[in-house]
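Visitor: I would like to learn how to read this model, feature by feature. Where do we start?

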Amino acid sequence: MNSLFSVISPIMVGPSSSHTAGAVRLGLMARNIYKNDFSKVKFVLYNSFATTGFGHGTDKGLLAGVLGYTVDDSGIKNIFDIVKDVDYSYEYAEDISRHPNSVDIIIDNKMTISGDSVGAGEIRINSINGFSVSLNGNYDTLLLMYKDKPGMISKVSDIIQKQRINIASLHCDRSAKGGTASMYLALDVPVGEDVVEKVKAISDVSFVTNIRKLK
Amino acid sequence: MAILSFSELEARCNEQNKAVYEIAQEEEALLSETEVNVVRIKVLEDLLAMKEAVKSGLTSTEKAVSGWCGDDCAKLLYRYKSNGSLFGTVFEKITEYAIATAEENLRMGRIVACPTAGSCGIVPSVIIAAGEERKISESEQINALLTAGMIGLLISNKVQLAGAVAGCQAECGVASAMAAGALSQMLGGGVREVIQASALALKNILGLTCDPVCGLVEVPCIKRNAFLAVHAVTAAELALCGVESKIPMDEIVDTLKITGQLMSPLLKETSLGGLAKTKTAQELEKKLFKK
C-alpha cells in the first residue's frame with residue numbers, strides 16, 4: 001500500500017504532476033545518483049514526454065531537477081533564464097516499448113540514467129548505464145557495480161548488518177557470468193560515507209554510491 | 001493488515017465503528033511510522049496550500065504561455081457579482097475556486113496535485129466552498145481531505161492515475177470521486193454514503209479521454225475542473241439520500257482500469273486525437289508554434 005500523500009500531494013508548481021513534478025523528481029534522482037558537479041546534460045524524451053512535454057514544461061522540470069530545484073520552487077518557470085554555466089540539450093524520440101512518459105538523462109557523457117514518470121508525480125528509475133534497477137526515490141539506496149563473483153551479497157550485507165540497518169529490498173543484475181554486475185539495496189535508514197568506503201574496499205568493487213531518497 | 005479495496009475499507013469501518021478518515025490517518029501513521037497528529041499536520045499543510053492557490057487564482061488574470069487562458073475565473077466573479085447564480089453561493093464558490101486553482105496551475109503557480117495537477121481544482125473547490133458555506137471547522141476539513149485521500153489511494157492501487165495511462169477518467173474522474181466522498185463526509189455521511197458517493201461520481205465519468213489541445217493543460221482541462229467539481233456534488237447529494245450504485249465501487253475501479261486499457265493511445269495525453277485534432281485545434285497549434 002502506498003502513502004495517502006501519493007494522491008493528495010505534492011505541493012508543486014504546475015501544470016502537470018506527471019509531466020512537470022514527475023520530470024523535476026526524475027532530474028533530482030539523476031542528480032542524487034550522479035552526485036558530482038557536471039557541465040553537460042542531455043535529455044532524450046520519449047512518447048508522451050516527447051509529444052506534449054513542451055506544453056507541460058517537462059523540459060524546464062527535468063533541467064531544474066538535475067540542478068537541485070524541488071517541485072514547489074517558483075524558479076522552475078524561468079529556469080532557462082537562470083541557468084548560466086551548464087550546457088543542456090534535448091532530443092525527442094518514439095519507442096512504444098517504453099513507458100508513455102519516459103526519459104534518458106545523460107550527464108557529462110559519462111552516465112545514462114533512464115526513468116519513467118508513472119503518474120501523480122511518482123517516478124521510477126529503470127536503468128543506470130544499462131543496468132536495470134527499480135528506484136522510486138522513496139528509499140535511501142546503496143548502489144554498487146562490481147565484477148560478478150560468488151560471495152558479494154554476503155560481504156555487502158555483512159557491512160550493512162554491522163550498522164544495525166534494516167534492508168528493505170535487495171536486487172542484483174549482471175551483464176554476463178563473471179562480467180560487470182550491479183547491486184542495489186533499499187534501506188530503512190541511510191548509511192554514512194564510512195559504509196560507502198567499506199564497501200568500496202571490497203576487492204573487485206568498481207563503483208559505489210549512496211543515493212538519498214527524495215523529500 | 002493493509003486495506004486494498006473499498007469492500008475491505010467498509011468492513012473495517014463497520015467492524016471498528018470508525019469513519020473513513022480515522023482508518024486513513026491510522027493506516028498512514030502506521031506506514032510512515034509516525035503519530036496520527038503528524039499525519040494530520042501534513043494534511044493541514046496541503047489544505048492551507050490549496051487555500052493559498054485559490055486566493056492567488058481569484059485575484060490573478062495572468063495568461064498562460066499560450067495566451068489562450070487565464071481570465072475565466074475573473075469572468076465568473078464579474079457575472080456572479082452583478083447577477084448571482086441561479087444555484088446560489090455554494091455553486092458560485094465551487095465553480096470559481098475550481099477554475100481559480102486550475103488557472104494558477106497553468107501559470108506554473110504553486111498548487112497541490114490532487115490526485116494530479118491537471119485535476120487540482122476539483123477536491124479543494126468542493127471542500128473549501130462547503131467548509132465556508134456550512135461553517136465547517138478546519139479539523140473537519142482535514143477529515144474530508146483524509147477521506148478524499150483514502151478514496152484516491154485505493155483507486156491508485158489498481159490504476160496509475162495519469163492521463164497517459166488511462167485517460168482523463170483517471171485524473172479529473174478520480175478527483176471527482178474523491179471530492180464526492182469528501183463532501184459526503186462533511187455533510188454527515190458514514191462510510192456507506194462516502195463510498196457510494198465516490199462510486200456514483202466515478203461510474204458516471206468512465207471513458208473520459210485525455211486530448212489536450214497542443215498538449216497544454218488548458219483546453220479542455222481548466223473548465224473541466226469546474227464541471228467535475230459540480231459532478232461530485234450531484235454524486236454526494238444522491239448518496240446522502242440513500243441512492244446507491246448497483247455496481248459496487250471495486251468493480252467500477254476495475255472497469256476504470258479496463259476502459260483505460262481499451263482506450264486508444266491517440267486519446268491518452270498524446271494530443272494525437274480527439275479535441276486536439278479538430279480543425280480549430282490544428283489552427284491554434286500552427287499559431288502557437290509560429291510565436
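Visitor: How many residues of helix H2 (residues 47-56) of chain A are buried?

Guide: A residue is buried if 20 or more other C-beta atoms lie within 10 Å of its own, exposed if 12 or fewer, and partly exposed in between, with C-beta atoms placed from the backbone. H2(A) is mostly covered: 10 of its 10 residues are buried. Among them are A:Phe49, A:Phe54 and A:His56. This is a predicted model, in which local features need pLDDT of at least 70 and side-chain atom pairs count only at pLDDT 80 or more, while totals for chains, interfaces and linings use all residues. Residues are numbered from 1 along each chain as its sequence is written, and chains are lettered from A and ligands numbered from 1 in the order in which they are written.

Visitor: How are helices and strands assigned?

Guide: They are DSSP runs, numbered from the N terminus: helices are H or I, at least four residues, and strands are E, at least two.

Visitor: What covers the buried residues of H2(A)?

Guide: The cover includes H1, strand E2 (40-46), helix H3 (58-66), strand E3 (87-93) and strand E4 (101-107) of chain A. Helix H8 (163-166) of chain B is also part of it. After H2(A) comes A:Gly57, with a positive phi near 70°.

Visitor: How many residues of chain A are in contact with chain B?

Guide: Two residues are in contact if their C-beta atoms, placed from the backbone, lie within 7 Å. Here 37 residues of chain A are in contact with 43 residues of chain B. On the chain A side, strand E1 (11-13), H1, H2 and strand E5 (111-119) each supply at least two residues. H2(A) gives the most, with 6 residues.

Visitor: Which classes make up that side of chain A?

Guide: Ala, Val, Leu, Ile, Met, Phe, Trp, Tyr, Cys and Pro count as nonpolar, Asp, Glu, Lys and Arg as charged, and the others, Gly among them, as polar. The side of chain A that touches chain B has 16 nonpolar, 19 polar and 2 charged residues.

Visitor: Into which domains is chain A divided?

Guide: Domain bounds come from an automatic or database domain assignment. Chain A has domain 1 (10-135) and domain 2 (140-211). Their centres, taken over C-alpha atoms, are 26 Å apart. The contact takes 7 residues from domain 1 of chain A and 6 residues from domain 2 of chain A. On the domain 1 side, E7(A) gives the most, with 4 residues.

Visitor: What describes two packed helices?

Guide: The angle between their axes and the distance between the axes. Axes are lines fitted to C-alpha atoms, for helices over the stretch in contact, and angles run from 0 to 180 degrees between N-to-C directions. The axes of helix H5 (residues 88-106) and helix H11 (residues 221-240) of chain B come within 8 Å and cross at roughly 145°. Contact residues include B:Ile94 and B:Ala98 of H5(B), and B:Ala226 and B:Val230 of H11(B). By class, the contact has 11 nonpolar, 3 polar and 2 charged residues.

Visitor: What is the secondary structure of chain B as a whole?

Guide: Chain B has 13 helices and 1 strand. Its radius of gyration, taken over C-alpha atoms, is 19 Å, close to the 19 Å that the globule rule (2.2 Å times the number of residues to the power 0.38) gives for 291 residues, so chain B is as compact as a globular protein of that length. Of those 291 residues, 55% count as buried.
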